[in-house]
Amino acid sequence: GGALPPDMPAMMEVAEPSQPAPVVPTKSILHTSKVPLSCGVSFLDFGGRSGPSSVYTILDRLRPGKVIIVHASAACTEELRKFCARKVCGEANVRAPDVGEAVEASSDSNIYRVALQTELAQSLQFVHVPPLAGPAGGTLTGGYDVAYLDALLSIPAGAKIPKLVMAPAGAAGNASKPFALIPKVKDILYRLKERLENAESFKCELQAGQLTINGAVIVRRSGSRMVLEGGVCKEYAVVRRHLLALHHVL
């Protein structure tokens with residue numbers, strides 16, 4: 001060897017050669033398994049909404065006496081209102097109120113205010129009519145007090161409210177009794193049977209206080225109540241409408 005140049009340091013760092021990374025042995029295994037569920041599976045629909053076709057079908061089968069349409073767009077509301085007016089309950093019995101508008105939904109909407117003559121009011125004989133339905137297993141409460149009224153309507157000069165006064169003695173109808181206005185449950189079944197056979201051509205069978213209509217709907221007596229049983233069908237809606245019409249007369 002020769003001597004080092006005078007400008008070179010006496011010691012030098014020499015880089016060691018890099019070593020390759022060690023290779024680790026690996027192995028992959030793919031396996032598909034089916035695990036059976038050991039629990040119940042339930043589906044809960046919290047929406048509770050029906051589409052347009054379902055709403056039309058329900059209304060067409062139930063045929064309610066009155067329909068009030070709310071909570072929809074103006075176009076959908078008007079379309080449903082026209083459908084109900086045409087096929088369900090008529091133009092006069094369907095309402096589509098604006099936001100904040102009050103609607104009279106009572107069935108006794110045609111009510112007139114009159115004054116009673118004192119003698120006429122004292123002569124009335126009221127009869128209590130129990131309600132037709134009540135809580136299951138509970139005591140029936142409420143009902144109506146009805147009386148037969150035979151009077152003349154007069155409008156005194158300057159009065160704002162018409163007045164009912166007693167009819168003259170011997171006038172037609174004075175011999176009627178208040179009990180004659182209250183039909184018995186059996187009479188209601190006979191009248192319902194006659195209405196359904198004549199107006200709807202339904203096949204009705206009345207036996208042991210039970211009226212069977214077209215083999216699909218049953219109207220029976222339960223104490224002082226009338227019970228309507230059957231699935232959601234055309235007969236159920238028609239029978240319900242006729243039955244309520246008879247009780248509106250009462």
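Author: Helix 1 gives the most to the lining of the second largest pocket, with 4 residues. The model is predicted: local features need pLDDT of at least 70, side-chain atom pairs count only at pLDDT 80 or more, and totals for chains, interfaces and linings use all residues. Residues are numbered from 1 along each chain as its sequence is written, and side-chain values use heavy atoms, leaving out hydrogens and water.

The pocket's volume is about 450 Å³. A pocket here is an open set of points on a 1 Å grid over the protein atoms alone, where a 1.4 Å probe fits, with protein on both sides within 12 Å along at least five of seven lines; lining residues have an atom within 4 Å of a point. Volume is the space filled by probe spheres set on the points, joined across faces, edges and corners.

The lining has 16 residues, and S50, V55, V70, A72 and L80 are the closest to the centre. Helix 1 (52–62), strand 1 (67–68) and helix 2 (74–88) each give two or more. Helices (H or I, at least four residues) and strands (E, at least two) are DSSP runs, numbered from the N terminus. By type, the lining divides into 11 nonpolar, 3 polar and 2 charged residues. Nonpolar means Ala, Val, Leu, Ile, Met, Phe, Trp, Tyr, Cys and Pro; charged means Asp, Glu, Lys and Arg; the others, Gly among them, are polar.

Now T77, in helix 2. Beyond four places in sequence, T77 touches I69, A72 and A96, with contact meaning heavy atoms within 4.5 Å.
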